[in-house]
Each structure stands twice: as structure tokens, then as C-alpha cells.
Amino acid sequence: PAAAACRRRAGGRRRGAMMDATDGWPADKVFDASVSGLGYDDIVLMPGHVSFEASEVDMGSKLTRNITLRTPLVGAAHDSVTEWKMATELARVGSLGIVHANQCVASQVEMVKRVKRYIGGFVLDPITLGPENTVADLERVKRDQGVGSVPITEDGKLGSKLIGWVGVRECDAEKAAAAAAAAEAARKKQKPPEGRGLSRKLEHIMVRRVSRGQEPLSIEEAMDTLRRAKVGKLPIIDEEGRLVTMVTRSDLKKIKENPRMSRSAGGQLMVGAALHVGAKDAKSRAAELVGVGVDLLFVDCRTGSGDAACELIQGLKAEFPQVDVLAGPACSCREAKRLAEAGTDGLLVGSAEPPGGDFFGGVAAVGRPEATTLYEVSRYTRLLHKIPVVAGPGVLDVGQALKAFCLGASAVVLDTPLMGSDDAPGERVLQNGSWMKLHHSRDPACAGRTRLALKHMPDVVSRHVGALVPCQGPAREHIQYFLKGLANGMQDLGIRNLEDLHAALDKGDLRLECRGPFAASMSHAGALALQRGSQPL
């Protein structure tokens with residue numbers, strides 16, 4: 001009887017296990033039952049009930065505590081991926097780029113400034129002139145600054161009372177009138193009138209009835225006022241009529257063309273910048289980057305996530321509390337705990353180097369498989385520390401990006417998929433009839449020798465070799481391809497947004513299966529075949 005009872009209990013367990021596996025397995029059973037780490041290609045997602053269109057999927061998500069992206073795809077802080085062109089294009093489609101730190105401080109600061117200049121938002125330091133200035137002064141501003149239309153304040157400075165406006169039309173009319181008066185005087189053989197033309201004071205030609213906005217108002221309200229006023233520039237004044245800022249119509253056109261743009265509270269494009277742990281100039285570099293308006297500081301812990309990283313994060317949060325900090329990569333809960341307790345606003349999860357090497361020749365032997373890393377660390381971080389988790393570099397295609405979101409990521413860092421785009425830095429070379437770009441021709445060690453003084457670089461060891469990647473056209477088109485693929489994948493899962501996706505993961509409603517070695521190898525071969533294509537379809 002005891003043996004029969006044992007057989008009945010064993011049969012019941014087998015039937016229960018079969019019932020559990022009928023629609024796949026919850027994520028906790030897949031990862032807790034495996035003694036081996038799993039990569040993205042080792043798992044496959046089970047489909048759900050589809051009751052909506054792919055266009056209804058909302059991929060908006062938090063990158064850090066205070067930064068939300070409409071397109072949670074981030075440009076990696078690599079010198080072969082993200083410089084100012086890539087960061088600008090990513091921000092235009094609702095993403096964000098992190099400008100790499102493998103360059104001098106002045107160069108990195110200039111890249112951040114170029115991204116910020118794409119949209120002025122609230123122009124906090126507009127050029128102003130006073131009523132005693134002349135047309136010649138305005139011509140000089142136009143020649144030196146490229147600005148031909150300026151507000152006129154009582155003392156010619158920002159913060160003074162706005163009394164008028166002078167533009168190109170008023171200057172041209174005055175110069176034409178002065179030329180006509182001079183011609184008439186010459187015809188009559190008289191002396192030309194004084195105080196006309198370039199010597200004319202602006203108080204005599206300025207427009208006194210100026211369309212204006214009044215504080216307090218948001219950038220959207222300012223742009224709406226600008227649109228209704230039908231003017232090119234709109235000055236913003238305070239309750240006492242003093243000029244405080246300005247918005248322009250050129251920004252309004254860019255916002256209309258790119259409605260999903262990632263913009264800060266001031267209306268400018270959002271951009272991040274990287275800092276190397278162990279670099280002697282890390283804090284001074286951060287101060288200069290914050291001074292030009294950087295929105296995110298990424299503490300790159302690839303050279304170590306120990307005490308130096310924690311001290312740098314604590315120092316940044318103490319000195320610049322208004323700027324969010326993203327830190328990583330972390331591949332264990334121990335590392336995540338240290339970085340979260342140091343005060344990071346977001347955590348990059350992944351290995352400094354993929355275990356066993358990567359597609360481009362990484363040779364580090366320390367790491368952890370991507371899927372296991374992301375699931376275990378994101379579960380710990382989201383539940384205990386309540387900060388967003390970002391999947392680190394290593395995602396090769398849309399399928400892997402969808403799996404990263406399904407395993408707890410709020411955003412995904414892209415490196416390989418963007419390396420061959422037109423907006424990525426690097427030289428184009430022709431090989432066997434195909435245009436290619438060289439990736440990692442400058443790894444951190446080489447970058448330190450060629451672009452930084454030795455004292456400004458931490459001690460690093462070269463871990464990569466150069467590799468050629470196919471040119472893939474504009475980054476904007478590639479991001480749109482990723483977005484469409486993610487939306488279709490979310491539709492197949494029957495889930496409309498990332499918040500519901502993570503809730504399904506935690507409850508066990510999201511089901512997974514493990515692939516066999518052959519299926520995983522075939523999937524990887526298919527991904528490489530797609531990478532060799534010239535354009536995403």
C-alpha cells in the first residue's frame with residue numbers, strides 16, 4: 001500500500017507538472033530550475049490572447065526615476081556608436097543617446113551643446129539691445145551671431161523692461177530710406193541728413209507693440225501662444241514686464257515634425273554623457289557637463305563597480321541632485337545593491353563583457369549570461385529598491401530586445417544594431433562590393449592613447465579587436481524598425497504596455513519555454529544573416 005501511494009503521488013506530480021507546462025512555464029520556474037545560465041537565444045516567449053492592433057501598443061517607460069522615454073531604446077556610450085549626431089537622432093524619435101567619454105572634456109561638452117542647440121526651447125540668454133544702440137550695432141550682431149531680430153529693453157540687458165522689437169524688416173526699411181534721402185540730398189547738392197542709416201538709433205525704428213507671453217507658462221503653452229500670434233519669436237516677460245526668456249518659430253516647426261521627441265522641462269532635446277570610474281577628471285568633467293545642461297550622467301563601471309564607483313555616485317548626487325545618474329553594468333544582486341544604496345537613479349544590468357567572448361572578439365572570461373543576469377537582478381532591484389532597470393549592451397536584434405523587456409527591463413541599450421548606421425561615428429570602407437564601418441577601432445585603451453592624456457584615463461586593458469559591420473542607413477529608420485517589431489511582439493503576447501508586461505512577469509502570467517541547443521544555434525545564425533543586410537525590411 002505504501003508503494004502504491006508513492007506511485008499515486010508521483011503520478012499526481014507528473015500530471016501537475018504536465019498541466020503547468022501546457023502553456024509554458026513562469027519565468028521563476030525557468031530560471032530557478034536551471035543550474036546553467038541562460039542567454040536571450042535560449043528562451044522563447046509563449047503567445048497570448050490578441051485583442052488589439054499593434055498600433056495601440058505603448059512602449060513608453062522610465063529610464064531613471066525622473067526620466068521617461070516614449071521610445072525606451074538608448075544609444076550605448078561607445079565611441080563607435082554615440083556622438084552628437086547619433087544622440088540628436090535618437091532624441092528626435094523619443095529615445096536618448098549617451099555621449100561617450102573616450103575624448104577630452106572640451107570635446108564631450110561641445111557634443112552635448114550641439115545636441116542641446118537643435119531645439120532652443122526657452123532661450124535663457126537671448127541677445128538684447130537698448131534704445132540707444134544703432135542700426136550698425138544690430139548689423140554687427142547679425143554678422144557675428146547670425147541673429148537679425150532682437151528684443152529691445154530699457155538698458156539693453158536681459159531682466160530689464162521690454163519696450164520694443166527690431167527685426168530685419170525695420171533695418172532694411174531704414175537703410176532704404178537713408179539711401180533715398182542721401183540720393184535726394186546729392187541731387188540738390190546738399191549735405192546728407194545726419195542720424196540716418198547705420199547711425200540711426202533703434203528707439204526710432206523699433207516696433208513698440210510686441211506680442212508677448214507672460215510667466216508662469218510651460219513650453220507647450222509658450223509654443224501655442226507663438227502659433228496664435230503668428231510671429232517668428234515670442235518674448236516671455238514677468239509680472240513687471242521684464243524680459244526673462246524667449247521662444248522661436250523654428251523650434252515650433254521641429255516639434256511639429258518630430259512629435260515624439262525626448263525633451264527636457266526647458267524644451268531642449270535630452271542627452272546623456274558618460275563618466276569613467278577611476279578617471280581623475282570625472283567630477284570636474286561632470287561639473288562642466290551639468291553646466292551645459294546634460295540630462296543624465298552615466299557612471300560607466302566597466303573598469304570596476306567597487307568603492308570608487310559608489311563614491312563617485314554619492315558625490316554626483318550630493319553636488320548635482322537635479323541630474324539623474326545611471327550606473328552599471330551590474331551582473332549580480334551584490335553589485336546592484338551597492339550601486340542602488342549609493343544613490344543611482346537607474347541601474348544598467350549586464351556584464352562588462354559577455355561570457356566566453358562576443359561577436360566582435362571580446363576575450364574576457366568573467367561575466368554572466370544575459371537573460372539570467374537581467375531576470376535575477378531586475379527582480380531584486382525592482383522589488384527592493386524601486387528603481388528602473390536598463391538592459392545593457394549585447395542586444396543584437398528586435399527579438400532579443402523584446403525578451404529583455406519581458407525579463408524586467410524598462411529600457412534597452414543598443415550598440416551593435418546602431419554601429420553601422422549613417423549617424424554613428426566611423427569611416428566607411430568598401431569591402432567585396434559592400435559598404436562597411438569599422439567598429440571599435442578605438443577601444444578604451446587605444447582611445448586613451450590617442451584622445452586623452454594618460455593621467456586622465458584609468459588603467460585599462462584592451463578587450464576588443466576591430467571588426468567591420470555593414471552600413472545600414474539612417475539611425476532613425478533603424479529605430480522605427482525596432483519599434484515596429486516590438487509593437488508586433490507585444491501584440492503577439494497580448495499585452496499593451498510595459499507596465500502590464502512587468503506585472504504579468506511578476507504574477508507568472510507571462511510564460512516561457514527553453515530552446516534546445518540546435519534551435520538556439522539556428523536562431524543566432526538567422527540573426528547574423530539579418531545583420532549582414534544593408535537595410536532593415
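**Strand pairing and packing**

A: Strand S1 and strand S21 (residues 511-514) run antiparallel and are joined by 2 bridges. Strands here are DSSP runs of E of at least two residues, and helices runs of H or I of at least four, numbered from the N terminus; two strands pair if DSSP finds at least two bridges between them. The model is predicted, with pLDDT of at least 70 required for local features and 80 or more for side-chain atom pairs, while totals for chains, interfaces and linings use all residues. Residues are numbered from 1 along each chain as its sequence is written, and side-chain values use heavy atoms, leaving out hydrogens and water.

In this pairing, Pro26 stands opposite Arg511 of S21. The open sheet has 3 strands in the order S1-S21-S2, with antiparallel pairing. Its edge strands, each pairing on one side only, are S1 (25-26) and S2 (43-45).

Turning to the helices, the axes of H11 (residues 333-342) and H12 (residues 370-384) come within 9 Å and cross at roughly 35°. These axes are lines fitted to C-alpha atoms over the stretch in contact, with angles from 0 to 180 degrees between N-to-C directions. Cys333, Ala336 and Lys337 of H11 meet Glu376, Val377, Tyr380 and Thr381 of H12, where contact means heavy atoms within 4.5 Å.

Elsewhere, Leu297 touches Ala273, Leu275, Ala286, Leu289, Val290, Leu316, Val323, Asp324, Val325 and Leu326, not counting residues up to four places away in sequence.
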